[in-house]
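Hi,

Here is the structure I promised to pass along. Could you open it and follow along with the notes below?

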Amino acid sequence: MSSQRPSAWYAAPAFAFFALFAALPMLLVIYLSFTAWDGLGSPAFNGGENWARLLDDAEARASVWRTLVLMVVSWLVQTPIALLVGVWAAGKQRSRAVLSSIFFLPLLLSTAAIALLWQALLEPNFGAFVDGPLFLGDPDIALYTVVLVISWQFIPFHTLLYQGAARAVPPSLYEAATIDGASRVSQFRHITLPQLRYTVVTSSVLMLVGSLTTFDTVLILTNGGPGTATRILPLHMYITGFSGFEMGYASTIAVVLVVLGTALSLAVMRWSGFRQMSSQQEGS
């Protein structure tokens, strides 16, 4: 009996959705990056003036550096915690299920609610750390404080990824290792980690690109302050466009963000060998 391949028309709704809500807006943003527009009148074509300005914008370069710092530190903080907690939560004990349900509570809260909650907790006069450092007021630690808030919100999501992947590891691998006398640490190193390496890649791409486009948390917590200590590139784009009414130049920054996010995703996939992935589970 011959098998029939599904018709390409089944993908038409997805392509239409992508074209309408992704491709078309991106093309409009690219067009606006070559214009001078205050958001009210008609865009006026100005050639490459916005791009030339971007190359000379010291604040934009500083924003790129802060964005990279936030992205890398977020990955360094979130990845090991999410991995270890995810593997631990994959256990079948009821106590782990109860504690996991509590740990995943941040997933139920909106980003705005989380930012306002931490803003109140870190308020220097009435917060939880009255006699402590100025977490959001010290230029040297404000950006790292933002990283901690972002990590508190998104570690549960990445933990879910690792939990599901850890539960899919064949139990026979652990049984064989136990018979051979392997310790728990050895099993984690030689069985669990290799089986989760593709999940690490997926989580890392989501984490890095998500950090690259973080906006609302920083806006509510610090609005880029103190000074410009937490003014990352997405926030710089927002302030330029909606506070400075320079939509054309803000569109140029938006295009740079898209290019950086796409290049980062492709680089991680290429470096990790994601395209050559094959199942490592028993029986595959």
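This is a predicted model, and I began with the largest nonpolar core, which has 17 residues. The members that touch the most others in it are Leu 70, Trp 118, Val 146, Leu 221 and Ile 232. Two or more residues come from each of helix H3 (58–89), helix H5 (111–121), helix H6 (142–167), helix H10 (216–221) and helix H11 (233–243). Of these, H6 contributes the most, with five residues.

Setting aside neighbours within four places in sequence, Leu 221 is in contact with Ala 115, Trp 118, Gln 119, Leu 136, Val 146 and Val 149. Another core, of 13 residues, lies apart from that one, and its members include Leu 54, Val 201, Val 205 and Leu 212.

Back in helix H6, have a look at Thr 145. Thr 145 counts as buried because its relative accessibility is 6%, and the cut-off is under 20%. Its side chain reaches the backbone oxygen of Ile 141 at 2.9 Å. Not counting residues up to four places away in sequence, Thr 145 touches Leu 122, Phe 135 and Leu 136.

Beyond neighbours within four places in sequence, its contacts are Thr 67, Met 71, Pro 234, Leu 257, Leu 260 and Gly 261. From Leu 212 to Val 98 it is 114 residues in sequence and 33 Å in space, C-alpha to C-alpha.

Best wishes

Technical notes:
Residues are numbered from 1 along each chain as its sequence is written. This is a predicted model: local features need pLDDT of at least 70, side-chain atom pairs count only at pLDDT 80 or more; totals for chains, interfaces and linings use all residues. Side-chain values use heavy atoms; hydrogens and water are left out. A nonpolar core is a set of buried Ala, Val, Leu, Ile, Met, Phe, Trp, Tyr and Cys residues joined through side-chain atoms within 4.5 Å. Buried means under 20% relative accessible area, exposed over 50%, partly exposed in between (1.4 Å probe, protein chains only). Helices (H or I, at least four residues) and strands (E, at least two) are DSSP runs, numbered from the N terminus. Contact means heavy atoms within 4.5 Å. A polar contact is a pair of N or O atoms within 3.5 Å; within protein, one must be able to donate a hydrogen and the other to accept it, and residues adjacent in sequence count only if both atoms are side-chain atoms.
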